[in-house]
Amino acid sequence: MTDVLVPTAFISNPATFGGAPAGDCRRGVPFIKDGQLLGLAPPTGGDVCMLIPHLTEAHCHLDKCHTIQRIGQVGGDLAHAITQQRADKNNWDEDDLRARAMQGLREAHSNGCRAIRSHVDWGDTAAPPLSWSVLLECAEDYPDLQLAALCGIGQWADHEFAEKVSDLLALTGGVAGAFVLGHDTTQAGLDNIFAAATRHGLMLDFHVDEGLGDFNGLEAIADTALATGFKGPILCGHAVSLMDRTPDDFTRIADKCARAGITICALPITNLYLQGRTDGTPDRRGITRLHELREAGVKVVVSSDNVADAFCPLGAHDPRAALALACVTAHLDPPLGDWLTAITTDAAAALGREPITVEGAHLSDLLTCDAAHTATLISGRTALHPATETLT
């Protein structure tokens, strides 16, 4: 049988798991019983493939994806992208939404994803948008799809709005989400969304501080989480303005995030495209502080965000591509296998799921890849395949 490489990030006890050290992996012949991988026998030194859990797409926008062909030549900052995408909503009927969302879901699954969270623009009223209903139907074919209502934090400041939306989210298994970027009513909105999430047992997901500059919604979220004792998963995407915090400010904020159990989702593809724009080539990096957050004990995940829409004309629903770009822009040095949890186990936990590692996992929960190095895996040069097809 072919040798397998298992990144040590997915092994709790390498010594008992078996195999032999191979860089940031263990290498050996898989010992499989009743469809479960129980360990590794000594390697043969022959052909090898890599074995990992399914990927998780922790942050995307299936309601917006694959609209670039009709939006045309777009470019600019966040505000410009919002304006351009809002104009395209005139085209969002059931058929259009379903076709594009299913295209995105097929793309994500072909790239090794199982669990996926899509944000859904909510609109100006408490009534759910058409896209919510359509994506709920898509979830019937893709049961690992989660939907997060993307509302302005100012909308959550309205008690009636908060009650109606949270009631609906509880009925449909949704996630309470909000966009936080220098709003005057941020604290009132946070008070209401945390109260609603506590009342209904909802998970929380924030677009926060999506820009370089003097924004600090992240600390307000952490403060509210600590003050309320909220115990559910909290995922905060973007957090780009951490780049502009002083060392003392960053240490304070990161400590609060760690104590509150907040996970930060870096979104390098969209943020690098939108943030730090100048008249020429930008000299700022639109990405959050991955190294420093992790060193402070904050869980960090990486995801694709916008795909072929007004916010980013490029991209794909492919967490490996997002992590590869993060490696380049944030200088994520080897051992690169240490960062694979950002698109697998840590990302799954951020979505409230029990993360599946490799030890004792059923082959149906694992993927293989013709890669002899974790850098090759992350590069995306080789396809991912179900382990049930390659190891049985």
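Reply: **One side chain up close**

The side chain of Arg245 reaches the backbone oxygen of Phe215 at 2.9 Å. That is a polar contact: a pair of N or O atoms within 3.5 Å, where, within protein, one must be able to donate a hydrogen and the other to accept it, and residues adjacent in sequence count only if both atoms are side-chain atoms.

A word on the basis. This is a predicted model, in which local features need pLDDT of at least 70 and side-chain atom pairs count only at pLDDT 80 or more, while totals for chains, interfaces and linings use all residues. Residues are numbered from 1 along each chain as its sequence is written, and side-chain values use heavy atoms, with hydrogens and water left out.

Back to Arg245. Its place is the loop between β11 (234–238) and α10 (247–260). Helices (H or I, at least four residues) and strands (E, at least two) are DSSP runs, numbered from the N terminus. Arg245 counts as buried because its relative accessibility is 13%. Buried means under 20% relative accessible area, exposed over 50%, and partly exposed in between, with a 1.4 Å probe and protein chains only.

Now its partners. In sequence, Arg245 and Phe215 are 30 residues apart; in space, their C-alpha atoms are 9.2 Å apart. The Arg245 side chain also has a polar contact with the side chain of Asp214, at 3.2 Å. Set aside the neighbours within four places in sequence, and Arg245 is in contact with Gly213, Asp214, Phe215, Phe250 and Ile253. Contact here means heavy atoms within 4.5 Å.

Ala239 counts as buried because its relative accessibility is 0%.

With a relative accessible area of 10%, Ala308 is buried.

Lys256 lies in helix α10 and Glu219 in helix α9 (residues 217–228). What joins Glu219 and Lys256? They form a salt bridge, with the closest N and O atoms 2.7 Å apart. So this pair ties together parts that are 37 residues apart in sequence. Both residues are buried.

The rule for a salt bridge is a side-chain nitrogen of Lys or Arg within 4 Å of a carboxyl oxygen of Asp or Glu. Side chains of opposite charge can pair when their charged atoms come close. By this rule the count is 21.

Lys89 and Asp121 meet through their side chains in a salt bridge, at 3.3 Å from N to O. This pair links distant parts of the chain, 32 residues apart: Lys89 is in the loop between α3 (78–88) and α4 (94–110), Asp121 in strand β7 (residues 113–121). Lys89 is partly exposed, at 32% relative accessible area, whereas Asp121 is buried, at 16%.

Then comes Asp144, which forms a salt bridge with Arg353, the closest N and O atoms being 3.4 Å apart. Asp144 lies in the loop between α5 (130–141) and β8 (145–152), and Arg353 in the loop between α14 and β14 (366–369), so the pair ties together parts 209 residues apart in sequence. Asp144 is partly exposed because its relative accessibility is 25%. Arg353 is partly exposed as well, at 26%.

Now a histidine. His59 sits in strand β6 (residues 55–60). It is buried, with a relative accessible area of 0%. Its side chain has polar contacts with the side chains of His61, at 3.4 Å, and His207, at 3.3 Å. Beyond its neighbours within four places in sequence, His59 is in contact with several residues, among them Arg117, His119, Gly237, His238 and Asp305.

One last stop is the backbone at Pro335. The peptide bond from Pro334 to Pro335 is cis, with omega near 5°. Pro335 is in the loop between α13 (319–329) and α14 (345–350).
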